[in-house]
Amino acid sequence: MKNHTDLSEIFKRLSIATVNPAWSTGKVSGMADGGIIESNSPVDGRRIASVGQTTPEAFDSVVDRAATAFSAWRDIPSPRRGEIVRQFGDELRKHKHDLGTLVSYEMGKSLQEGLGEVQEMIDICDFATGLSRQLYGVTMQSERPGHRMYEQWHPVGVVGIISAFNFPVAVWSWNAAIAWVCGNVCVWKPSEKTPVTAAVCQQLIGAVLARNGAPEGVSCLVQGDRTLGERLAGDRRIALVSATGSTRMGRSVAAAVASRLGKSILELGGNNAIIVTEHADLNIALPAAVFGAVGTAGQRCTTTRRLIIHEEVYDTFKTKLMRAYEQLRVGNPLDEKNHVGPLIDREAVANYEAALAACKDQGGHFIVAGGVLQGDGYESGCYVRPCIAEVSPDMAILQTETFAPILYMMKYTTIDEAIRIHNEVPQGLSSAIMTLDLREAERFLSVAGSDCGIANVNIGTSGAEIGGAFGGEKETGGGRESGSDAWRAYMRRQTSTINYSDALPLAQGIKFDL
Ligand code: UN1
(Lines give C-alpha, C1' and ligand atoms only; values in the text may rest on other atoms or scores of the structure.)
Protein backbone atom coordinates (compact mmCIF):
# COMPACT_ATOMS: atom_id res chain seq x y z
CA MET A 1 0.00 0.00 0.00
CA LYS A 2 1.91 2.98 -1.16
CA ASN A 3 -0.63 5.71 -0.89
CA HIS A 4 -4.22 6.57 -0.46
CA THR A 5 -4.95 6.27 -4.15
CA ASP A 6 -4.62 2.50 -3.89
CA LEU A 7 -6.89 2.57 -0.89
CA SER A 8 -9.60 4.51 -2.66
CA GLU A 9 -9.48 1.99 -5.51
CA ILE A 10 -10.07 -0.76 -2.97
CA PHE A 11 -12.91 1.11 -1.35
CA LYS A 12 -14.43 1.72 -4.75
CA ARG A 13 -14.31 -1.96 -5.66
CA LEU A 14 -15.85 -2.80 -2.30
CA SER A 15 -18.64 -0.37 -3.24
CA ILE A 16 -17.75 2.02 -0.49
CA ALA A 17 -18.24 5.45 -1.89
CA THR A 18 -15.72 7.57 -0.03
CA VAL A 19 -12.62 6.94 1.96
CA ASN A 20 -13.70 9.06 4.82
CA PRO A 21 -17.39 8.81 5.51
CA ALA A 22 -18.77 9.18 8.99
CA TRP A 23 -19.17 5.55 8.31
CA SER A 24 -22.43 3.75 8.34
CA THR A 25 -24.66 6.44 9.60
CA GLY A 26 -27.02 3.99 7.90
CA LYS A 27 -29.68 2.38 9.96
CA VAL A 28 -28.46 -1.13 10.54
CA SER A 29 -25.05 -0.23 11.82
CA GLY A 30 -26.51 2.17 14.34
CA MET A 31 -23.91 4.86 14.11
CA ALA A 32 -24.85 8.21 15.44
CA ASP A 33 -23.30 11.31 16.75
CA GLY A 34 -21.12 9.68 19.37
CA GLY A 35 -17.80 11.03 18.23
CA ILE A 36 -15.29 9.61 15.84
CA ILE A 37 -12.90 6.67 15.91
CA GLU A 38 -9.88 7.24 13.75
CA SER A 39 -8.22 4.28 12.18
CA ASN A 40 -4.52 4.78 11.57
CA SER A 41 -2.54 2.08 9.83
CA PRO A 42 0.32 0.60 11.84
CA VAL A 43 2.00 -0.03 8.48
CA ASP A 44 2.83 3.62 7.71
CA GLY A 45 0.99 5.59 10.37
CA ARG A 46 -1.46 7.05 7.89
CA ARG A 47 -5.07 7.66 8.64
CA ILE A 48 -7.23 5.15 6.77
CA ALA A 49 -10.62 6.56 7.64
CA SER A 50 -12.74 7.50 10.58
CA VAL A 51 -15.96 5.90 11.68
CA GLY A 52 -18.72 7.19 13.90
CA GLN A 53 -18.93 5.88 17.45
CA THR A 54 -22.19 4.40 18.58
CA THR A 55 -23.91 6.41 21.28
CA PRO A 56 -25.71 4.66 24.17
CA GLU A 57 -29.05 5.73 22.64
CA ALA A 58 -28.11 4.40 19.22
CA PHE A 59 -26.95 1.16 20.82
CA ASP A 60 -30.29 0.85 22.51
CA SER A 61 -32.22 1.18 19.30
CA VAL A 62 -29.85 -1.18 17.45
CA VAL A 63 -30.54 -3.93 19.97
CA ASP A 64 -34.27 -3.25 19.72
CA ARG A 65 -34.08 -3.49 15.97
CA ALA A 66 -32.10 -6.72 16.25
CA ALA A 67 -34.69 -8.18 18.60
CA THR A 68 -37.47 -7.30 16.15
CA ALA A 69 -35.51 -8.82 13.29
CA PHE A 70 -35.10 -12.00 15.31
CA SER A 71 -38.82 -12.71 15.41
CA ALA A 72 -38.91 -12.77 11.59
CA TRP A 73 -35.50 -14.37 10.97
CA ARG A 74 -36.15 -17.32 13.28
CA ASP A 75 -39.16 -18.31 11.15
CA ILE A 76 -37.12 -18.58 7.97
CA PRO A 77 -36.12 -22.23 7.42
CA SER A 78 -32.54 -22.85 8.39
CA PRO A 79 -31.43 -24.11 4.92
CA ARG A 80 -32.75 -20.86 3.48
CA ARG A 81 -30.69 -18.92 6.01
CA GLY A 82 -27.78 -21.15 5.00
CA GLU A 83 -28.29 -20.14 1.38
CA ILE A 84 -27.92 -16.48 2.38
CA VAL A 85 -24.71 -17.28 4.24
CA ARG A 86 -23.50 -19.16 1.15
CA GLN A 87 -24.04 -16.01 -0.90
CA PHE A 88 -22.04 -14.05 1.66
CA GLY A 89 -19.22 -16.56 1.14
CA ASP A 90 -19.39 -15.89 -2.60
CA GLU A 91 -19.24 -12.16 -1.98
CA LEU A 92 -16.11 -12.72 0.07
CA ARG A 93 -14.59 -14.83 -2.70
CA LYS A 94 -15.17 -11.94 -5.07
CA HIS A 95 -13.56 -9.44 -2.72
CA LYS A 96 -10.91 -11.67 -1.17
CA HIS A 97 -7.96 -9.70 -2.41
CA ASP A 98 -9.35 -6.28 -1.56
CA LEU A 99 -10.61 -7.23 1.88
CA GLY A 100 -7.42 -9.20 2.61
CA THR A 101 -5.35 -6.16 1.63
CA LEU A 102 -7.41 -3.92 3.87
CA VAL A 103 -7.06 -6.36 6.78
CA SER A 104 -3.34 -6.37 6.20
CA TYR A 105 -3.16 -2.57 6.01
CA GLU A 106 -5.40 -1.81 8.97
CA MET A 107 -4.12 -4.57 11.26
CA GLY A 108 -0.56 -5.00 10.03
CA LYS A 109 -0.41 -8.73 9.32
CA SER A 110 1.28 -9.96 6.16
CA LEU A 111 -0.78 -9.93 2.98
CA GLN A 112 -0.62 -13.74 2.88
CA GLU A 113 -2.15 -13.82 6.34
CA GLY A 114 -4.70 -11.14 5.44
CA LEU A 115 -5.80 -13.28 2.50
CA GLY A 116 -5.78 -16.34 4.77
CA GLU A 117 -8.07 -14.56 7.16
CA VAL A 118 -10.60 -13.88 4.41
CA GLN A 119 -10.25 -17.51 3.31
CA GLU A 120 -11.13 -18.51 6.86
CA MET A 121 -14.33 -16.45 6.47
CA ILE A 122 -15.15 -18.18 3.19
CA ASP A 123 -14.54 -21.58 4.77
CA ILE A 124 -16.84 -20.89 7.72
CA CYS A 125 -19.58 -19.73 5.33
CA ASP A 126 -19.32 -23.07 3.50
CA PHE A 127 -19.33 -24.91 6.81
CA ALA A 128 -22.35 -22.98 8.10
CA THR A 129 -24.24 -23.56 4.85
CA GLY A 130 -23.88 -27.32 5.25
CA LEU A 131 -24.62 -27.06 8.94
CA SER A 132 -27.91 -25.32 8.18
CA ARG A 133 -29.25 -28.74 7.17
CA GLN A 134 -27.68 -30.57 10.09
CA LEU A 135 -28.86 -28.92 13.30
CA TYR A 136 -29.66 -32.36 14.62
CA GLY A 137 -31.39 -33.25 17.85
CA VAL A 138 -31.62 -36.78 19.29
CA THR A 139 -34.56 -38.96 20.27
CA MET A 140 -34.58 -40.81 23.56
CA GLN A 141 -36.42 -43.94 24.71
CA SER A 142 -39.24 -42.99 27.06
CA GLU A 143 -39.80 -45.13 30.15
CA ARG A 144 -43.55 -44.61 29.75
CA PRO A 145 -45.70 -46.51 27.22
CA GLY A 146 -47.13 -44.50 24.33
CA HIS A 147 -44.68 -41.69 24.84
CA ARG A 148 -42.13 -40.19 22.54
CA MET A 149 -39.25 -38.14 23.83
CA TYR A 150 -36.84 -36.05 21.81
CA GLU A 151 -34.81 -32.89 21.93
CA GLN A 152 -34.73 -30.00 19.55
CA TRP A 153 -32.66 -26.86 19.23
CA HIS A 154 -33.96 -23.33 18.96
CA PRO A 155 -32.01 -20.12 18.44
CA VAL A 156 -31.23 -18.08 21.54
CA GLY A 157 -32.11 -14.67 20.04
CA VAL A 158 -29.72 -11.74 19.89
CA VAL A 159 -26.04 -12.75 19.92
CA GLY A 160 -23.47 -10.11 20.88
CA ILE A 161 -20.03 -10.55 19.32
CA ILE A 162 -17.00 -8.79 20.77
CA SER A 163 -13.93 -9.33 18.61
CA ALA A 164 -10.26 -8.39 18.84
CA PHE A 165 -7.97 -6.46 16.50
CA ASN A 166 -5.74 -9.42 15.63
CA PHE A 167 -8.35 -11.30 13.59
CA PRO A 168 -10.52 -8.30 12.79
CA VAL A 169 -12.91 -10.12 10.46
CA ALA A 170 -12.48 -13.92 10.68
CA VAL A 171 -13.46 -14.30 14.32
CA TRP A 172 -16.64 -12.29 13.76
CA SER A 173 -17.52 -14.52 10.82
CA TRP A 174 -16.97 -17.76 12.80
CA ASN A 175 -19.51 -16.52 15.28
CA ALA A 176 -21.91 -14.76 12.97
CA ALA A 177 -22.18 -17.39 10.21
CA ILE A 178 -22.98 -20.10 12.75
CA ALA A 179 -25.29 -17.86 14.77
CA TRP A 180 -27.26 -16.87 11.65
CA VAL A 181 -27.93 -20.37 10.36
CA CYS A 182 -29.03 -21.28 13.88
CA GLY A 183 -31.64 -18.52 13.56
CA ASN A 184 -30.05 -15.82 15.68
CA VAL A 185 -29.35 -12.22 14.84
CA CYS A 186 -26.00 -10.58 15.67
CA VAL A 187 -24.78 -7.33 17.15
CA TRP A 188 -21.06 -6.98 16.52
CA LYS A 189 -18.67 -4.78 18.44
CA PRO A 190 -15.29 -5.01 16.72
CA SER A 191 -12.06 -3.74 18.21
CA GLU A 192 -11.81 0.04 18.10
CA LYS A 193 -8.37 -0.55 16.56
CA THR A 194 -9.82 -2.07 13.38
CA PRO A 195 -13.12 -0.32 12.72
CA VAL A 196 -12.73 0.04 8.97
CA THR A 197 -12.54 -3.64 8.03
CA ALA A 198 -15.58 -4.16 10.26
CA ALA A 199 -17.52 -1.43 8.44
CA VAL A 200 -16.60 -3.04 5.12
CA CYS A 201 -17.83 -6.45 6.26
CA GLN A 202 -21.06 -4.92 7.49
CA GLN A 203 -21.51 -3.32 4.10
CA LEU A 204 -20.92 -6.63 2.29
CA ILE A 205 -23.27 -8.71 4.44
CA GLY A 206 -25.82 -5.88 4.50
CA ALA A 207 -26.09 -5.97 0.70
CA VAL A 208 -26.49 -9.77 0.67
CA LEU A 209 -29.19 -9.68 3.35
CA ALA A 210 -31.04 -6.85 1.62
CA ARG A 211 -31.14 -8.51 -1.78
CA ASN A 212 -32.56 -11.62 -0.13
CA GLY A 213 -35.28 -9.62 1.58
CA ALA A 214 -33.99 -10.48 5.06
CA PRO A 215 -35.34 -8.37 7.91
CA GLU A 216 -33.25 -5.33 8.73
CA GLY A 217 -31.21 -5.95 11.84
CA VAL A 218 -30.00 -9.52 11.24
CA SER A 219 -26.46 -8.17 11.14
CA CYS A 220 -25.77 -5.10 13.25
CA LEU A 221 -22.53 -3.28 13.82
CA VAL A 222 -21.79 -1.00 16.73
CA GLN A 223 -18.47 0.80 17.05
CA GLY A 224 -16.85 1.96 20.23
CA ASP A 225 -14.36 1.19 22.95
CA ARG A 226 -14.50 -0.84 26.13
CA THR A 227 -17.44 1.12 27.53
CA LEU A 228 -19.57 -0.07 24.63
CA GLY A 229 -18.41 -3.65 25.20
CA GLU A 230 -19.47 -3.34 28.83
CA ARG A 231 -22.86 -2.02 27.77
CA LEU A 232 -23.28 -4.95 25.44
CA ALA A 233 -22.28 -7.47 28.12
CA GLY A 234 -24.74 -6.00 30.58
CA ASP A 235 -27.72 -5.84 28.21
CA ARG A 236 -30.44 -8.35 29.13
CA ARG A 237 -31.83 -8.35 25.60
CA ILE A 238 -28.61 -10.01 24.41
CA ALA A 239 -29.01 -13.70 25.17
CA LEU A 240 -25.48 -14.76 24.35
CA VAL A 241 -22.23 -12.82 24.35
CA SER A 242 -19.31 -14.33 22.47
CA ALA A 243 -16.14 -12.48 23.40
CA THR A 244 -12.66 -12.90 21.97
CA GLY A 245 -9.77 -10.96 23.45
CA SER A 246 -7.63 -10.65 26.54
CA THR A 247 -8.22 -12.57 29.74
CA ARG A 248 -8.73 -9.24 31.52
CA MET A 249 -11.53 -8.30 29.13
CA GLY A 250 -13.04 -11.80 29.35
CA ARG A 251 -13.15 -11.73 33.11
CA SER A 252 -15.19 -8.55 33.13
CA VAL A 253 -17.50 -9.69 30.32
CA ALA A 254 -18.02 -13.07 32.02
CA ALA A 255 -18.92 -11.42 35.33
CA ALA A 256 -21.36 -8.98 33.72
CA VAL A 257 -23.08 -11.68 31.65
CA ALA A 258 -23.17 -14.17 34.54
CA SER A 259 -24.67 -11.62 36.93
CA ARG A 260 -27.73 -11.45 34.66
CA LEU A 261 -27.58 -15.22 34.07
CA GLY A 262 -26.92 -14.78 30.37
CA LYS A 263 -24.81 -17.13 28.28
CA SER A 264 -21.27 -16.45 27.21
CA ILE A 265 -18.62 -17.98 24.98
CA LEU A 266 -15.13 -16.86 25.90
CA GLU A 267 -12.05 -17.21 23.74
CA LEU A 268 -9.28 -15.46 25.64
CA GLY A 269 -5.53 -15.42 25.99
CA GLY A 270 -3.15 -18.22 25.11
CA ASN A 271 0.38 -19.04 26.19
CA ASN A 272 1.11 -21.76 23.74
CA ALA A 273 4.10 -24.06 23.71
CA ILE A 274 5.70 -26.58 21.40
CA ILE A 275 7.54 -29.50 22.94
CA VAL A 276 10.42 -30.53 20.67
CA THR A 277 11.50 -34.00 21.68
CA GLU A 278 14.69 -35.86 20.83
CA HIS A 279 12.57 -37.82 18.32
CA ALA A 280 11.39 -34.75 16.41
CA ASP A 281 11.84 -34.20 12.70
CA LEU A 282 13.63 -30.89 13.09
CA ASN A 283 12.90 -29.95 9.48
CA ILE A 284 9.23 -29.79 10.40
CA ALA A 285 9.75 -28.43 13.89
CA LEU A 286 11.74 -25.44 12.66
CA PRO A 287 9.20 -23.80 10.31
CA ALA A 288 6.38 -24.68 12.70
CA ALA A 289 8.14 -22.88 15.55
CA VAL A 290 9.19 -19.88 13.49
CA PHE A 291 5.79 -19.33 11.84
CA GLY A 292 4.08 -19.95 15.16
CA ALA A 293 6.24 -17.35 16.90
CA VAL A 294 6.47 -14.58 14.32
CA GLY A 295 3.29 -15.03 12.24
CA THR A 296 0.96 -12.02 12.71
CA ALA A 297 3.98 -10.52 14.54
CA GLY A 298 3.24 -12.73 17.52
CA GLN A 299 -0.26 -11.31 17.90
CA ARG A 300 -2.35 -14.46 17.51
CA CYS A 301 -3.95 -16.01 20.52
CA THR A 302 -2.43 -19.23 19.12
CA THR A 303 1.08 -17.77 18.76
CA THR A 304 3.92 -20.02 19.90
CA ARG A 305 5.36 -18.30 22.95
CA ARG A 306 7.34 -21.14 24.52
CA LEU A 307 9.62 -23.86 23.14
CA ILE A 308 10.33 -26.75 25.49
CA ILE A 309 13.24 -28.61 23.94
CA HIS A 310 14.88 -31.91 24.85
CA GLU A 311 18.46 -31.46 26.04
CA GLU A 312 19.84 -33.80 23.36
CA VAL A 313 18.57 -31.67 20.47
CA TYR A 314 18.63 -28.33 22.26
CA ASP A 315 21.87 -26.96 20.82
CA THR A 316 21.20 -28.17 17.29
CA PHE A 317 17.72 -26.67 17.32
CA LYS A 318 18.99 -23.44 18.83
CA THR A 319 21.49 -23.02 16.00
CA LYS A 320 18.80 -23.71 13.39
CA LEU A 321 16.47 -21.20 15.03
CA MET A 322 19.12 -18.50 15.14
CA ARG A 323 19.87 -19.02 11.45
CA ALA A 324 16.19 -18.93 10.56
CA TYR A 325 15.67 -15.69 12.51
CA GLU A 326 18.56 -14.13 10.60
CA GLN A 327 16.56 -14.66 7.40
CA LEU A 328 13.44 -12.92 8.72
CA ARG A 329 12.54 -9.68 7.01
CA VAL A 330 10.51 -7.18 9.00
CA GLY A 331 8.73 -4.44 7.08
CA ASN A 332 5.66 -3.34 5.18
CA PRO A 333 3.39 -6.40 5.32
CA LEU A 334 1.94 -5.63 1.90
CA ASP A 335 5.35 -6.24 0.39
CA GLU A 336 5.39 -10.00 -0.04
CA LYS A 337 9.15 -10.16 0.51
CA ASN A 338 8.60 -9.36 4.19
CA HIS A 339 7.71 -12.04 6.72
CA VAL A 340 6.73 -9.84 9.65
CA GLY A 341 4.74 -6.63 9.77
CA PRO A 342 4.26 -4.10 12.55
CA LEU A 343 2.58 -4.46 15.93
CA ILE A 344 -0.87 -2.93 16.11
CA ASP A 345 0.14 0.32 17.83
CA ARG A 346 2.72 2.02 20.03
CA GLU A 347 1.08 0.76 23.17
CA ALA A 348 1.77 -2.77 21.94
CA VAL A 349 5.37 -1.75 21.28
CA ALA A 350 5.65 -0.46 24.86
CA ASN A 351 4.31 -3.79 26.17
CA TYR A 352 6.88 -5.61 24.04
CA GLU A 353 9.68 -3.49 25.46
CA ALA A 354 8.43 -4.00 29.00
CA ALA A 355 8.41 -7.78 28.48
CA LEU A 356 11.98 -7.72 27.14
CA ALA A 357 13.11 -5.75 30.19
CA ALA A 358 11.27 -8.07 32.58
CA CYS A 359 12.74 -11.13 30.88
CA LYS A 360 16.27 -9.74 31.24
CA ASP A 361 15.63 -8.79 34.87
CA GLN A 362 14.47 -12.28 35.65
CA GLY A 363 17.60 -13.83 34.18
CA GLY A 364 16.57 -14.44 30.58
CA HIS A 365 19.36 -14.50 28.00
CA PHE A 366 18.56 -13.25 24.51
CA ILE A 367 20.13 -15.35 21.77
CA VAL A 368 18.32 -13.27 19.15
CA ALA A 369 18.09 -9.70 20.38
CA GLY A 370 14.89 -7.70 20.28
CA GLY A 371 14.39 -3.99 19.82
CA VAL A 372 12.25 -1.38 18.16
CA LEU A 373 13.12 -0.73 14.53
CA GLN A 374 13.76 2.77 13.31
CA GLY A 375 14.48 4.48 10.03
CA ASP A 376 13.27 4.10 6.51
CA GLY A 377 9.98 2.24 6.29
CA TYR A 378 9.60 2.05 10.06
CA GLU A 379 8.22 5.57 10.58
CA SER A 380 5.00 4.36 12.21
CA GLY A 381 7.09 3.30 15.22
CA CYS A 382 5.30 -0.05 15.37
CA TYR A 383 7.93 -2.38 13.92
CA VAL A 384 9.89 -4.59 16.31
CA ARG A 385 12.49 -7.29 15.94
CA PRO A 386 11.29 -10.85 16.58
CA CYS A 387 13.52 -12.22 19.34
CA ILE A 388 14.35 -15.38 21.28
CA ALA A 389 15.33 -15.68 24.93
CA GLU A 390 16.74 -18.68 26.74
CA VAL A 391 14.95 -18.93 30.05
CA SER A 392 14.48 -21.22 32.99
CA PRO A 393 10.96 -22.63 33.32
CA ASP A 394 10.24 -21.01 36.66
CA MET A 395 10.56 -17.41 35.48
CA ALA A 396 7.49 -15.27 36.19
CA ILE A 397 7.42 -13.76 32.71
CA LEU A 398 6.49 -17.19 31.31
CA GLN A 399 3.12 -16.97 33.00
CA THR A 400 1.95 -13.98 30.99
CA GLU A 401 0.91 -13.52 27.40
CA THR A 402 2.64 -10.61 25.68
CA PHE A 403 1.13 -9.98 22.26
CA ALA A 404 4.46 -9.66 20.44
CA PRO A 405 7.06 -11.84 18.69
CA ILE A 406 9.01 -12.92 21.78
CA LEU A 407 9.89 -16.61 21.93
CA TYR A 408 11.08 -18.22 25.16
CA MET A 409 13.11 -21.43 24.91
CA MET A 410 13.97 -23.86 27.67
CA LYS A 411 15.48 -27.29 28.16
CA TYR A 412 13.98 -30.50 29.53
CA THR A 413 15.21 -34.00 30.30
CA THR A 414 12.17 -36.29 30.62
CA ILE A 415 8.85 -36.16 28.81
CA ASP A 416 7.00 -35.95 32.14
CA GLU A 417 9.00 -32.86 32.99
CA ALA A 418 8.23 -31.36 29.57
CA ILE A 419 4.48 -31.90 30.02
CA ARG A 420 4.60 -30.48 33.54
CA ILE A 421 6.36 -27.32 32.32
CA HIS A 422 3.95 -27.17 29.42
CA ASN A 423 0.87 -27.17 31.65
CA GLU A 424 2.31 -24.88 34.31
CA VAL A 425 0.76 -21.69 32.92
CA PRO A 426 -2.67 -20.20 33.64
CA GLN A 427 -3.79 -20.28 29.98
CA GLY A 428 -4.83 -23.35 28.00
CA LEU A 429 -5.48 -22.63 24.34
CA SER A 430 -3.16 -24.38 21.91
CA SER A 431 -0.26 -26.81 22.19
CA ALA A 432 1.96 -29.02 20.08
CA ILE A 433 4.50 -31.80 20.29
CA MET A 434 7.11 -32.51 17.66
CA THR A 435 7.97 -36.20 17.70
CA LEU A 436 8.04 -39.27 15.49
CA ASP A 437 7.71 -41.47 18.57
CA LEU A 438 4.19 -42.87 18.91
CA ARG A 439 4.36 -43.30 22.67
CA GLU A 440 5.44 -39.73 23.25
CA ALA A 441 2.77 -38.36 20.92
CA GLU A 442 0.00 -40.39 22.52
CA ARG A 443 1.18 -39.46 25.99
CA PHE A 444 0.94 -35.79 25.05
CA LEU A 445 -2.63 -36.36 23.83
CA SER A 446 -3.66 -38.49 26.82
CA VAL A 447 -5.56 -37.24 29.85
CA ALA A 448 -2.21 -36.78 31.59
CA GLY A 449 -0.85 -34.79 28.65
CA SER A 450 -1.63 -31.33 27.30
CA ASP A 451 -4.37 -29.49 29.19
CA CYS A 452 -5.22 -27.26 26.23
CA GLY A 453 -8.28 -26.99 23.99
CA ILE A 454 -6.08 -27.70 20.96
CA ALA A 455 -3.30 -30.30 20.99
CA ASN A 456 -1.32 -30.97 17.81
CA VAL A 457 1.29 -33.48 16.75
CA ASN A 458 3.92 -32.43 14.24
CA ILE A 459 2.25 -29.15 13.39
CA GLY A 460 2.56 -25.84 15.19
CA THR A 461 0.22 -24.15 17.64
CA SER A 462 -1.33 -21.61 15.27
CA GLY A 463 -3.32 -21.89 12.07
CA ALA A 464 -6.23 -24.05 13.19
CA GLU A 465 -8.77 -25.08 10.56
CA ILE A 466 -12.34 -23.82 10.94
CA GLY A 467 -13.79 -27.36 10.98
CA GLY A 468 -12.64 -28.02 14.53
CA ALA A 469 -14.07 -26.46 17.67
CA PHE A 470 -11.77 -23.56 18.52
CA GLY A 471 -11.05 -22.45 22.07
CA GLY A 472 -9.31 -23.46 25.25
CA GLU A 473 -9.34 -24.15 28.93
CA LYS A 474 -8.35 -22.40 32.16
CA GLU A 475 -7.89 -18.67 31.70
CA THR A 476 -8.57 -19.08 27.99
CA GLY A 477 -12.19 -19.14 29.10
CA GLY A 478 -13.53 -22.57 28.14
CA GLY A 479 -15.60 -21.43 25.14
CA ARG A 480 -15.64 -23.07 21.72
CA GLU A 481 -16.26 -21.29 18.45
CA SER A 482 -16.24 -22.26 14.79
CA GLY A 483 -16.54 -25.93 13.77
CA SER A 484 -17.54 -29.34 15.13
CA ASP A 485 -20.63 -28.99 17.34
CA ALA A 486 -19.74 -25.49 18.61
CA TRP A 487 -23.11 -24.45 17.09
CA ARG A 488 -24.91 -25.87 20.10
CA ALA A 489 -23.71 -22.98 22.25
CA TYR A 490 -25.64 -20.63 19.96
CA MET A 491 -28.91 -22.46 20.55
CA ARG A 492 -31.17 -23.42 23.41
CA ARG A 493 -32.01 -27.07 23.95
CA GLN A 494 -35.59 -28.12 24.40
CA THR A 495 -36.55 -31.57 25.64
CA SER A 496 -40.04 -32.54 24.52
CA THR A 497 -42.11 -35.53 25.63
CA ILE A 498 -45.29 -36.33 23.75
CA ASN A 499 -47.95 -38.64 25.17
CA TYR A 500 -49.93 -40.38 22.43
CA SER A 501 -51.55 -42.95 24.80
CA ASP A 502 -54.96 -42.70 26.45
CA ALA A 503 -53.52 -42.70 29.97
CA LEU A 504 -51.31 -40.44 32.04
CA PRO A 505 -48.57 -42.66 33.50
CA LEU A 506 -46.18 -40.66 35.67
CA ALA A 507 -42.44 -40.99 35.43
CA GLN A 508 -40.62 -42.88 38.18
CA GLY A 509 -43.78 -45.05 38.58
CA ILE A 510 -45.44 -42.54 40.91
CA LYS A 511 -49.11 -43.28 41.61
CA PHE A 512 -51.50 -40.36 41.75
CA ASP A 513 -55.13 -41.54 41.52
CA LEU A 514 -58.04 -39.16 41.59
C1 UN1 B 1 -7.03 -15.71 17.28
O2 UN1 B 1 -5.84 -15.43 17.33
O3 UN1 B 1 -7.86 -15.13 18.03
O4 UN1 B 1 -5.66 -20.83 14.65
C5 UN1 B 1 -7.62 -16.66 16.31
C6 UN1 B 1 -5.32 -19.72 14.25
C7 UN1 B 1 -6.34 -18.92 13.48
C8 UN1 B 1 -7.26 -18.20 14.41
C9 UN1 B 1 -6.61 -17.44 15.52
N10 UN1 B 1 -7.10 -19.83 12.65
O11 UN1 B 1 -4.21 -19.26 14.44
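These are my notes on the model, point by point.

1. A reminder before anything else: this is a predicted model. Everything below should be read with that in mind.

2. I'd begin with the ligand site. The ligand is surrounded by Glu 120, Asn 166, Phe 167, Trp 174, Glu 267, Arg 300, Cys 301, Thr 302, Ser 462, Gly 463, Ala 464 and Phe 470. Sorted by class, that shell comes out as 5 nonpolar, 4 polar and 3 charged residues.

3. On the nitrogen side, a ligand nitrogen atom has a polar side-chain atom of Glu 120 at 2.9 Å. On the oxygen side, an N or O atom in the side chain of Thr 302 is 2.7 Å from a ligand oxygen atom. Gly 463 uses its backbone instead, with a polar atom there 2.8 Å from an oxygen atom of the ligand. How much of the ligand does the protein bury? The protein covers 99% of the 320 Å² that the ligand exposes when taken alone.

4. Phe 167, part of the ligand shell, also has a charged neighbour: Lys 109 lies over the face of its ring, 3.5 Å from the ring centre. Another case of this kind is Arg 148, whose charged end sits over the ring of Tyr 150 at 4.8 Å from the centre.

5. Now the aromatics. There are 8 aromatic pairs in the structure. One of them joins Trp 172 and Trp 188, which are stacked with 4.3 Å between centres and 10° between planes. Trp 172 belongs to helix α6 (residues 170-182) and Trp 188 to strand β6 (residues 185-189), so this pair ties together parts 16 residues apart in sequence. Both Trp 172 and Trp 188 are buried. If you follow the ring pairs, you get a cluster made of Phe 88, Trp 172, Trp 180 and Trp 188.

6. Staying in helix α6, have a look at Asn 175. Is its side chain buried or exposed? Asn 175 as a residue is buried, with a relative accessible area of 0%. What does its side chain contact? One partner is the side chain of Ser 242, in a polar contact of 2.6 Å. A polar atom of the Asn 175 side chain is also 2.9 Å from the backbone oxygen of Val 171.

7. Ser 104 is another buried polar residue to check, again with a relative accessible area of 0%. You'll find Ser 104 in helix α4 (residues 96-107).

8. Lastly, two backbone angles I'd flag. Ser 484 has a positive phi, near 50°, although this residue is not a glycine. Ser 484 is in the loop between β20 (481-482) and β21 (491-499), and at 41% relative accessibility it counts as partly exposed.

9. Gln 508 also has a positive phi in a residue other than glycine, here near 65°. Gln 508 is in the segment after β21. Is Gln 508 buried or exposed? With a relative accessible area of 64%, Gln 508 is exposed.

Definitions and conventions:
Residues numbered from 1 in each chain as written. Predicted model: local features only at pLDDT ≥ 70, side-chain atom pairs only at ≥ 80, totals over all residues. Heavy atoms only, no water. Phe/Tyr/Trp six-rings, centres within 6.5 Å; stacked < 30°, edge-to-face > 60°. Helix = DSSP H or I, 4+ residues; strand = E, 2+ residues; numbered from the N terminus. Buried < 20%, exposed > 50% of the residue type's maximum accessible area, 1.4 Å probe, protein only. Lys NZ or Arg CZ within 6 Å of the ring centre and 35° of its normal. Near = heavy atom within 4 Å. Polar contact = N/O pair within 3.5 Å; in protein donor to acceptor, adjacent residues only side chain to side chain. Areas by Shrake-Rupley, 256 points an atom, 1.4 Å probe, with all protein chains shown as cover. Nonpolar A, V, L, I, M, F, W, Y, C, P; charged D, E, K, R; others polar.
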